[in-house]
Each structure stands twice: as C-alpha cells, then as structure tokens.
Amino acid sequence: MTTGTASADGTPLLQLDAVEQVFRTKKGDVPAVRGVDLHVNEGEVLCLVGESGCGKTTTARIAAGLAPPTGGRVLYRGRALSEMGSEEKVQYRRGVQFVHQDPYASLNPIRTVFATLAAPLRKHGLATSRKDAWEQACRLLEQVDLRPPENFLSKYPHQLSGGQRQRVAVARALTLKPSLIVADEATSMLDVSIRVGLLKMLSKLRTELGTGFVFITHDLAIARYFGTGGRIAVMYLGRVVEHGLTEEVIENPQHPYTRALLDAVPTMDDDEVGAVAGEARKLRGVDIPSLLALPSGCTFHPRCPLFREGLCDTADPPLEPLAVAGGADRDVSCHVVREAVAEAGRAS
Amino acid sequence: MTSALAPTPAIQRRGLLYRMSRSKSGMAGFVIVLLIIGMTIVAPLVMNHTIAPDPAHAWEGPSGGHLLGTDNSGRDVLKQVLLGGGTVIFVGLGAAAVTTVIAVALGSLAAYLRGWVDSALLQLTDIFMTIPQIVLLAVLGSFFQLTSPILLALLLGSFSWPVLMRSIRAQVLTLKEREFVEAARSLDLGTLRVVFVEIVPNMAGYILINFIIAVTNAIYALVGLYVLGLAPLSGANWGIMIHQAWTYGAIYIASGTPYILAPVFAIALVQLGLVMLTRSLEEVFNPRLAEG
C-alpha cells in the first residue's frame, strides 16, 4: 500500500485549516473541536484516534461537510467549502462521502437496498435506465462482498444483519465514485467476528479503487490494522496531540496520552513499551475533564504522568514537529517530551 | 418468538388484511366503511335518482311499503338514505385529501428547510388557525353558489389543515435528524426528493390515520353546514335530510322520527366505522402495539 501522494501541485485532497466547532448549550459553550489542522492526500488513509468525546466524530462531520465549522476552513482540492459555487459544491459532494457508525440508523427502513443504491445513481445521471442502475448496483454490492448481489437488491434493511447493512452503507457511499470516504467508527457497532471482514473489504477498496479514507476509531488495534501505510492523528479534548505515520506512532509513541492509549490495549508481550518506562506511564486520573471547564495550560495535565507543576498547567503546548530518533514527520504537543528530546539531542 | 440472531423486522411483511384483522373492532370498522362506500356507489346505479313525491302518503310511519316511513311530501325515507350518502362521503374524502396534502407538503417543508420558510409558514398557519371556519363558510355561502361538491371539498379542506400541519412538522423535525436523511443529503439527492421520498413515506401510517380523522371532521363540518342551512339545499343527501326534517318539524310528529333519525344514524355509522378503522391501522403501522 502506498502512503498516498499529493496532487501534482502539492495541494492535498482535503484539508482542515484551524477548524473549530463550538456548540452553544444552555450550560455554556462547548468547544468540541479547538483548532484542528489535518490533511489527507489522494488515496491516503488518515486515522483519527481518541476517547469518546474527544471531538473526533465532530471533526469527521466537518470534513464530510455535514456540519459547517464555527471557525476555520475546510478545503477540498485547495478550494474552501464556504467559497464554493454550486457547481464546485456538487463536485465536493460527489468526491467526499460519509459512512455512519450505526448501520441500523443510516439506512432508510422503508426502502430496499436497490432503491437506496439507485437513487444517487439516477439523480447524478450515472445510470440512464432502471436496468443500468440495477447492473451498477450489482457491481457495487460485489465490491463490498455481498454475493450474489441479486439476493440482496430486493431486501429491506431489517432483513439484513448488521455487517450486511454496513456493507450496503459502504456501497451507497461508493455510488458516486468518491475520492475520499470518511468513516465514523464504521466497525464499532459490529460483532468482533464481522469487524475483520469489513476492515479487509475497506482495505481492498483502498488498494483497488485508490479511495482515500479518514477513518475514525477509538480502537488503536483497528487503527494499526487499517491505517497501515497511512498516518494517524491522536485527539484529546478537541485537539490533535500527536500526529505521524501510523507505524511510527504506534511503535514509538511520544505524547503521554498516546502512550496511555496504547497501554490500554492488552498485549501478550509487556516489554513492548515506549521511551519512558514503568511508574511514569500510569495515568494520574481516569476522568476526562468537562469541555465546559477545560483545565488550564495543557488540557491533559490533570491526568498526565509526566505532569510538571508550573509548566504544564500554565502554558498551552503547541503541536509542533518533534525530531524523534529514527523517525520522521512527527508532530507532538507536550512540553515535557519536547524538553527531554532536546536534552537527549544535546547529550549526544 | 424470534431468536436474537434474527432481528425483529420493523414492519412484518405479512398480508395487510391479516394484520388488520388482529383488531376485531378495527376489522368491524373496515367492514362498515366498505359496506357504506359500496352502498353509495351501487345505489345510484340500480335505483332511480329522483324519488317521486306522493303528498297523499306524507308523514307515514314505517310500513311494508316504506320501511322507514315517508317524509313531509310523501317520499320514501329509506331510498333517500340509500341515495344520500354520495355527496357527504365524496366531500368528506375530498376535503380530507386536500387538508392532508396541504398539511404534509407545508409541514414537512417547514421542518426540513427551517429558517425564514419555517417562520413564514408558521405565521400562515397561525393566521388560518384564527379564521372561524363556520363563519367564513357562511359568508362565502351567501356570496357564491356552493353547489359543486368539488368546490365544497376544496373550501372545507383548505381551512382545516393547520393542526395536522403542525404535527407533521413536529414529526419531520425529529425524522430529519435521523442518519439516513443525513446520508441522503450528503449524496446530494435534492431537497424535494429527500423530503418526499426519504422522509415522508416513513410517516405513511401516521398520515393515513390522520387522513381518516380528517374525513370524519370534514363530514361533520359539511353536515353542520347543511343543518344550519349555510350550504345550498339542492339535491338530496344526509345533511339536507336532517335540515329538511328539522325545518318541517319531524321531531314533533311521532311518525316523522325515522325521517330525522335515519340520516343521523347513517352519518354516525360512517363516523364510527372510520374511527374504528383507525385503530386497526394503528396496529398495522405500529407493530409494537400488535405484540401485546
């Protein structure tokens, strides 16, 4: 699998530029996403990882154009969504598709699989007749490994299993031949046994169709499997705290939060640890602070094992490139790690 | 009992009639409505439309020749009842159709589009809600000849939609947040398609039940107009019969009782059938009720 390439002039396929989302509620403003910069190139996969409530779904919805951000810009092929004309908007809508988490809610219960797939094909003039739509729908179902497709086309969602429904939802996202699919926890509602099959199918789409993915998950094991050859962005309370190549982030996590997430994945081999060992890796608290009352300085400091008083609770660490030994292209936002790396650099 | 592996389908795709028959009263209502509609269609085909007056036999009580007696001019009451359902039922269905179409179209668009469209449509709804229907119809009735049943249906229907419009709007407000609507939107299927193909059919049961309730309301409104003498008393139907019986003092004549009670009973039977029918329909469209 390739890492994905930027187009000839270097513009990424989709770019989030200082995107913010503030929800106004009765209790106060909830900053769900607080300045996120991310980009995906053609055919690339970007995994967004984080605990529930960290803003990864909101970020994904903004990227897919389902919710306009309250701040910042979303650029598709270098053009900001908010400045697009109707013609460009149609191109964007066809280029970026979203797969919901819950396949029980994302399919219209009163429409057959064929009706669900045929509607976008007919609407966008990709199918000229009912027969044509039927044949294309068959091919789409084959792409998502629902065989034989004829058996599924006349079924209603309630006649399908969760895994089959999610495949239909993916097939629907593929109808307009998108260059990017944003998948929001697309596997989390499925049984573990079905999950792997769906992930394999999505990986196959990546290689065969060259579709780019923004893949949202709370499960690092899934991110590691699906994000191979791509990049990973770890989010905490509405911000990206670590960003880099999937393999490197998982093999050699730098931000204490990423380490904590990786430690939460049970492994057979306990020696598989990062730079800081033992005691220091234990979180000081498990409670996620409320978005209504964010901690001062680094928002992770109340839970962080590397917390240093006077530094972490006062200054907000920026997300900046960090020279990790043997690695490349890593962004981390942590005062302590940055100092440690700088010291190690001086010592050598 | 279904196993946990096979999720219970939202709507069981067994025969519609089978599911309707699960409610006995609903099935009875269905049969009553079918019989009366059948009667209003068949009666004018097999019977003579004009019932000749026979002053010699005015105000006769029930007898072998006249099962329900005769009216003030000696016409057979039973024949009038059999022939007199057409207009009432036609106008009831027509007005209900007009009301339902307006309510569904405006309610769902207001909820889906929100913004100024929503506020404008809500304003319009408020205005229509404050119009006293009977008074307006009385005024219109004195200016125009409301002889055409189609015109009557249009008039009655175009003033009774606000309540249904608001409940449709409320339903769409929740439905449009569902993920399948979002998916349809991100596929750029177009507003009208998303609203009327993806969202509205999900309320089919709710709309049908409200349509039937609208039929009962329209029938009462129409009969009310006739009884008050606000609609032109040309032709013969149940409403006009009640009016005539009242005007000619049928309640003071012992043998006139069937004349005034027969149309009242016919109307009540239609309404009862319709109301009972909605119960069955509720079970058809809400399988959770049927489980109990």
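Biologist: How many residue pairs are in polar contact across the interface of domain 1 of chain A and domain 2 of chain A?
Modeller: Two residue pairs, both at pLDDT 80 or more. A polar contact is a pair of N or O atoms within 3.5 Å; within protein, one must be able to donate a hydrogen and the other to accept it, and residues adjacent in sequence count only if both atoms are side-chain atoms. This is a predicted model, where local features need pLDDT of at least 70 and side-chain atom pairs count only at pLDDT 80 or more, while totals for chains, interfaces and linings use all residues. Residues are numbered from 1 along each chain as its sequence is written, chains are lettered from A and ligands numbered from 1 in the order in which they are written, and side-chain values use heavy atoms, leaving out hydrogens and water.

Biologist: Where are the domains in chain A?
Modeller: Domain 1 covers 14-228, and domain 2 is 254-266 + 279-347. The bounds come from an automatic or database domain assignment. Their C-alpha centres lie 31 Å apart.

Biologist: What area is buried between domain 1 and domain 2 of chain A?
Modeller: About 990 Å², with 67% from carbon and sulfur atoms. Buried area is the accessible area (1.4 Å probe) that two parts lose on being put together, summed over both. In domain 1, A:R34, A:E51 and A:L220 lose the most, together 51% of what that side buries.

Biologist: Which residue forms a salt bridge with A:E51?
Modeller: A:R303, with the closest N and O atoms 3.2 Å apart. A salt bridge is a side-chain nitrogen of Lys or Arg within 4 Å of a carboxyl oxygen of Asp or Glu. One salt bridge is counted between these domains.

Biologist: Now the chains. How many residues does the contact take from chain A and chain B?
Modeller: Chain A puts in 24 and chain B 21, contact being heavy atoms within 4.5 Å. The buried area there is about 2,100 Å², and carbon and sulfur atoms give 56% of that. On the chain A side, A:H100, A:I110 and A:H158 lose the most area, together 25% of what that side buries.

Biologist: How many salt bridges between chain A and chain B?
Modeller: Two. One of them joins the side chains of A:R61 and B:E182, at 2.8 Å from N to O.
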